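Please look over the sequence and the structure below before reading the report.

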Amino acid sequence: MARPSHPRKEIEEALRHAEACGWRVEIGGHHAWGRIYCPYNDKACRCGEFCITSVWSTPRNPVNHGRALRRVVDNCSKLRKDSSEE
């Protein structure tokens, strides 16, 4: 079953980028639209601090929130380590 899309296109694009990198998107939460989860979730991955990131439904600036989500995905320490070994 396909997940519902985010109402803001900038954030939806960031979520698609995260899914393409293997991150899991889950809808729901108390104050958030959903969360994204790192597929690796190991101890070397910044102590698990950034392995889960909230996706806001109505951020003050959707462009900046989309960039922040992409930055979290792109700066995953596991992905950086794997790409430097190649």
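The report covers a sheet, a helix packed on it and one histidine of that helix.

This is a predicted model, in which local features need pLDDT of at least 70 and side-chain atom pairs count only at pLDDT 80 or more, while totals for chains, interfaces and linings use all residues. Numbering starts from 1 along each chain as its sequence is written, and side-chain values use heavy atoms, with hydrogens and water left out.

**Sheet**

Three strands form an open sheet in the order β1-β2-β3, with antiparallel pairing. Strands β1 and β3 each have a single partner strand, so one side of each is left without a neighbour in the sheet. The twist averages 25° from one strand to the next.

| Strand | Residues |
|---|---|
| β1 | residues 24-27 |
| β2 | residues 34-37 |
| β3 | residues 52-55 |

Strands (E, at least two residues) and helices (H or I, at least four) are DSSP runs, numbered from the N terminus; two strands pair if DSSP finds at least two bridges between them. β2 and β3 are joined by 4 bridges, and I52 in β3 is the bridge partner of Y37.

Helix α2 packs on the sheet and touches β2 and β3; its direction makes about 165° with that of β3. Such angles run from 0 to 180 degrees between N-to-C directions, with axes fitted to C-alpha atoms, for helices over the stretch in contact.

**H65**

H65 lies in helix α2, residues 62-74. H65 counts as buried because its relative accessibility is 11%, buried meaning under 20% relative accessible area (1.4 Å probe, protein chains only). Leaving aside neighbours within four places in sequence, H65 is in contact (heavy atoms within 4.5 Å) with I11, S54, V55, W56 and P59. The H65 side chain reaches the backbone nitrogen of W56 at 3.1 Å.

Notes: Buried means under 20% relative accessible area, exposed over 50%, partly exposed in between (1.4 Å probe, protein chains only). A polar contact is a pair of N or O atoms within 3.5 Å; within protein, one must be able to donate a hydrogen and the other to accept it, and residues adjacent in sequence count only if both atoms are side-chain atoms.
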